[in-house]
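I opened my notebook to get to know a new structure. Here is what I looked up, entry by entry.

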Amino acid sequence: MAKKAIGPVRRSFAPWEDPSAVPFIEFRNVTKRFGDFTAVNNLSLKIFEREFFALLGGSGCGKTTMMRMLAGFETPTQGQVLLAGQDLSGVPPYRRPVNMMFQSYALFPHMSVEANIAFGLKQDKMGKADIEARVAEMLRLTKLEPFAKRKPHQLSGGQRQRVALARSLAKRPKVLLLDEPLGALDRKLREETQFELMDLQEELKMTFLVVTHDQEEAMTMADRIAVMDAGEIVQVATPPEIYEAPNSRFVADFIGDVNMIEAKVIETSEDGTRLQAASADFVIQTTSETTARPGDTVWYAIRPEKVRLVAGDTSPSNINAAAAVVWDIAYLGDVSIFNARINETDVLRSTVTNATRLVERPITWDDRVILSWDQDAGVILTK
Amino acid sequence: MRNGPTWFNVTSLVLGFAFLYLPIVLLVIFSFNESRLVTVWGGFSTKWYVEMLRNDQLIDAFWVTIKVAFLSASVATVLGTMAALVLVRSGRFAGRSLFSGMIFAPLVMPEVILGLSLLLLFVSMDQARGFWTVMLAHTTFAMCYVAVVVQSRLVGFDKSIEEAAEDLGCPPVRTFFLVTLPIILPGVIAGWMLAFTLSLDDLVIASFTTGPGATTLPMKIYSQVRLGVTPEINAVCTVLVGFVTIGVIAASLATKRQHLQRERDERAAIANAD
C-alpha cells in the first residue's frame, strides 16, 4: 500500500505502530451469536489507552454488539474481552470501569439535570461535597449551568445530548463508550459537537470508543477507524489511510465517493503496474502496489477529487486519460460534481473546486472532455 | 356538513345520559326524603344521614370494606407489578403467551365461578372464612387488573434507561427502586386505585368467601335491601357515590394539569434551544 505518502495526523500519538505497546482494550477472537444470527464473527481488535477509536459500519454490522459486550450488556458466545489486561467475563455492567453514552440518551426522566449527573457518583458512595464539586465541574464543562435544576423534558435535543455526555463523564471512567452520540442532532450542531468531543477527550485523557454509521463523524473525530461489515472487521486504520488506501472495494465504497474501474493487469514492473480498462479504451499506469499478476481482473479505485477534467476532443495519450462526454453536473457551492460518460453505460465522476465566482460554466452538458489523473492517485483493489 | 347540534344528536345525548344517570339521581334525591317510604316524597330532610351515622352495623361494615380494599389493593399491586415485569421483560420463554393469556382470564371469568372456586379452595384447606379470606380473594382477582395496567405502562418503557443506571454502577435491584419504579409509578398508582375500587364494590366474591364477623358494605346494603329499601341505604349509597366522584375528578384533574404543564415545558425548551 502507498503508506509512505500518508501518515497519521497526530504523529506524536500512534501507539498502534509500536509493537511493544500494551493494548488497553482487547477483543480476543470474540464471537457473538443471537440464535442463528452471527452478530460478531471471530473478531480480534486492540485499542490503546487515550485513543479515540471509531467502530464504523452500516446497521446490523455488529458494531453496537461490540460496544455492548464491552459495557457488559451482552456476553460473548466465544472469546474474551479484556480491559487493562483483565478478562471482563463474569463482571456485571455495574462493576465495569467503563461508562456509556446511549444513543437515546437514556436520561432519567424523573430526575433533574444535576441529579442525573450525580447518579453515578452516588452509587460510588462519594462524599456529598465531592459530588457537588464534580457535578458543578461537569455542568461547566458541558455549558449546562443554567439548566441544572431542569428535568430532561424541559431541555432541547442538544442540551439533552450534553446531559447524557456529562452523566457518562462524571465518574471519570477509564473508557467512555459513545453509541451514535450525535445521531439525533441537526447538522450544524453535530459539527460543533464533534469538535467539542475531541477537545474533551484530549482534556480528560480518556479512551473514547465511538460507534457510528456516519463516516464523516468517524473521519473527523477518530484516531483510528475500524470499518465493519457483517460481523467482521474489514480494515483498521487512521482516517487518511482508510480514505487514501482502502484495502477493499467495500471500504473504498463505504468511505466517501469513489470511481471503481474494472481493469485487467497488463504488466507489473519496478515502476508500477499497467492496467487496461475493461469497458473503455484507456490504460492506467499506477504506482499502487498489488499482488495481482498479469491477466488478473482487478478494480482501480480513484476518488473524484483526484480526477481532473478539461475540455477537449482528444487526448495526446490514452495513459491515465479518458475521453468522455459530460452527462450530469451538480453544483454544490464549494465544489461542482461532474458525471462524465466514458461509454454507453459507464460514468466517471470528477469533483472540481469552484475557485472562481464564475456563474457561467465553462464546461456544460454534452461537452466533450478529457479526464486525467496522476500515477499515484488511485489504488488497485483485488477483493 | 353542519357542525351544530341536530335534534338527533341532542336526543341521543339526553337519552344516553338519562339512561346512565337517572337511577343514581333518583337515589340521591330520595336520600333526602323526609318520608320512610322510598317512593313517596315527603319533604327535604337530612335525618337519614344522621341515622346512618348512628347505625353501628353500617359503620362496622364500612370499616371492614375499607380495610379489605386497602390491604388487597396493596398486595395485588405488588403481585400484579411483578407479574407485569416478568411478562414484558423476560423475553421469550416457553409458555410466555400462555401466561400472558392466563393473566387476562380472570377479567372475563364470571364472578360466581371465581367466588365458588375460591370458596372450595378455602374449604378444602380447612381455612376458617372471614376477613382474611375475603382479602385474599380480592387480591386474587384485582392482581390481574393491576398487571394489565402496569403492563401497558411498561411496554413503552425505554430499557436503555435501566441499562444506563447499571452502567453507572447501580445493581439491578436498586435500579428497580431508583429508576424503574418512579417511572412506572403512575401506572402502579392507577392499578392500585382500580384494585381499591373493585374491592370496594364487590358483592359476589365477598359473599362466597366471607364468614362471620366480616360483612362488607355492599353485602350489608344488599341484605338490608332484601328486608325493604330504607332511605338510610340511599344515604349510604349517596356518600359512596360522592367519594367515587370526587376521587375520579381529582385524578383526572391532576393528570390533565400534569400533561398541560409538560407540554408547556417542552414548548419552552424548544423555543429556548441554543
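Entry on domains. I started with the spacing of the two domains of chain A in this predicted model: the C-alpha centres of domain 1 and domain 2 of chain A lie 34 Å apart. I then checked the bounds and found domain 1 of chain A at 15-97 + 173-252 and domain 2 at 257-381. Next I looked at where they touch: five residues of domain 1 of chain A are in contact with six residues of domain 2 of chain A. On the domain 1 side, I noted three nonpolar residues, one polar and one charged.

Entry on the cores. Which residues have the most contacts inside the largest nonpolar core? I found A:Leu177 and A:Tyr300, in a core of 109 residues. I followed A:Tyr300 and, leaving aside neighbours within four places in sequence, listed its contacts, among them A:Ile261, A:Leu275, A:Thr286 and A:Gly378. I also came across a second, separate core of 41 residues, which includes B:Tyr145 and B:Ile184.

Entry on the two chains. I looked up how chain A meets chain B: 22 residues of chain A are in contact with 21 residues of chain B. Strand E6 (98-101) and helix H2 (113-123) of chain A each supply at least two residues of that side of chain A. H2(A) gives the most, with three residues. By class, I wrote down eleven nonpolar, nine polar and two charged residues for the side of chain A that touches chain B.

Entry on confidence. Chain A averages a pLDDT of 88, and 96% of the residues score at least 70. I marked residues 1-9 of chain A, where pLDDT stays under 50. For that stretch, the model has 15 contacts beyond four places in sequence.

Technical notes. Residues are numbered from 1 along each chain as its sequence is written. Chains are lettered from A and ligands numbered from 1 in the order in which they are written. This is a predicted model: local features need pLDDT of at least 70, side-chain atom pairs count only at pLDDT 80 or more; totals for chains, interfaces and linings use all residues. Two residues are in contact if their C-beta atoms, placed from the backbone, lie within 7 Å. Helices (H or I, at least four residues) and strands (E, at least two) are DSSP runs, numbered from the N terminus. Ala, Val, Leu, Ile, Met, Phe, Trp, Tyr, Cys and Pro count as nonpolar, Asp, Glu, Lys and Arg as charged, and the others, Gly among them, as polar. pLDDT is the predictor's confidence in each residue, from 0 to 100. A nonpolar core is a set of buried Ala, Val, Leu, Ile, Met, Phe, Trp, Tyr and Cys residues joined through C-beta atoms within 7 Å. A residue is buried if 20 or more other C-beta atoms lie within 10 Å of its own, exposed if 12 or fewer, and partly exposed in between; C-beta atoms are placed from the backbone. Domain bounds come from an automatic or database domain assignment.
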